[in-house]
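The sequence and structure come first.

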Amino acid sequence: MGSQTPLKLPVIDFTTPGALNHGSSEWDSLKVQVREALKEYGCFEAVYNGLSPELRKAHFGALEELFDLPTDVKKLNVYEKPFHSYGGHDPTVFETMGVDRANVFQEVENFTNTLWPQGNPNLSKIIYSVSRQVAELDGVVRRMLLESLGIEKYWEEHINSTDYLLRVNRYLASQNGDESHLGALSHTDKTLTSILFQNEVGGLEIQTKHGDWISVKLSSGSVIFMVGDALYAWANGHLYNAIHRVMMRGNITRYSTGLFSIPRAGYVLKVPEELVDEEHPLQFKPFDHFEYLNFFLTQQFNPGSGSGSTIPVVSNIKDYCGI
């Protein structure tokens, strides 16, 4: 028996001329690819030149500086919103920090000024630049998706009702050399969308509908675009929200970043009537995303077993507002 070809995610190239020009033939071609990838895999690899190699290098260098701060200082990263603050179930294994509304420079500066009372303008500039560039791609993909689903009339309300959260993570290398271990438990994101990228260590794995795991190996010019629970529910199951995890291998510290689009508190997500038909009967009741997060925290919270993760194994969006 010959060895099977490793599974790979779909790759969509947003660097081709005209790709970002709304209404162009390139745009129309890509939006079909976006819909099909998110329907079948719940994610895809996006080739995107907004994050230059120089900006990526500066970003991951800034993360080393950030996580090298004393733990007591990092714990000053506090927001009232769930999943926005510093988290480190075991700081010797895994730590995470959040920047609310990271595409707004003043919010980024507030974050850095909390940790460096004297200020850290260079780190603020890097985080803001990364967030702005990745948010631009998120806006393009989400607009393509709504058009491809025939619900483009909701575009302005959809984009204007969301904010961005930047989360940065550090996974320390295994103490057992090359022995692999679980860095983050299997989970789905609680967001509308997630855009993820990582340093050269890698480790992200994504599960297909058929239960197979794909090991993600990103190029220096690509990121992962992923459907979260909120978008999965709002789209009435027309898309897939992929389970994913992090497997740590080798002896190099892993740094990763996610920019998450999140509905604003008080905004109620309701399935568009255009996405309800005989093939797709209504599956989800209207819901407030932050009420869902609070339910998730109080009912389903599950700290990882020795991994430092605080993410449960599966999504419970259907338990919360499924019909």
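Residues are numbered from 1 along each chain as its sequence is written. As a predicted model, local features need pLDDT of at least 70 and side-chain atom pairs count only at pLDDT 80 or more, while totals for chains, interfaces and linings use all residues; side-chain values use heavy atoms, with hydrogens and water left out.

Helices (H or I, at least four residues) and strands (E, at least two) are DSSP runs, numbered from the N terminus. Axes are lines fitted to C-alpha atoms, for helices over the stretch in contact, and angles run from 0 to 180 degrees between N-to-C directions.

| Helix | Partner | Angle | Axis distance |
|---|---|---|---|
| Helix 1 (residues 25–40) | Helix 5 | about 85° | 8 Å |
| Helix 2 (residues 53–67) | Helix 5 (residues 121–148) | roughly 130° | within 10 Å |
| Helix 4 (residues 105–115) | Helix 5 | about 135° | 9 Å |

Angles under 35 degrees count as roughly parallel, over 145 as roughly antiparallel, 65 to 115 as roughly perpendicular and the rest as oblique.

With its angle of about 85°, helix 1 is roughly perpendicular to helix 5. On helix 1 the contact involves Trp27, Leu30, Lys31, Val34, Arg35 and Leu38; on helix 5, Val140, Val141, Arg143, Met144, Leu145, Glu147 and Ser148. Eight of these residues are nonpolar (Ala, Val, Leu, Ile, Met, Phe, Trp, Tyr, Cys and Pro), four charged (Asp, Glu, Lys and Arg) and one polar (the others, Gly among them).

The axes of helix 2 and helix 5 cross at roughly 130°, and helix 2 is therefore oblique to helix 5. Leu55, Ala58, His59, Ala62, Glu65 and Leu66 of helix 2 touch Leu123, Ile126, Ser129, Val130 and Gln133 of helix 5. Seven residues of this contact are nonpolar, three polar and one charged.

Helix 4 and helix 5 are likewise oblique to each other. Here Phe105, Val108, Glu109, Phe111 and Thr112 of helix 4 meet Leu123, Ser124, Lys125, Ile127 and Tyr128 of helix 5. The contact has six nonpolar, two polar and two charged residues.

## Salt bridges

Counting a side-chain nitrogen of Lys or Arg within 4 Å of a carboxyl oxygen of Asp or Glu gives 15 salt bridges. Arg170 lies in strand 5 (residues 162–171) and Glu95 in strand 4 (residues 94–100), 75 residues apart, and the pair links distant parts of the chain.

Conventions. Contact means heavy atoms within 4.5 Å.
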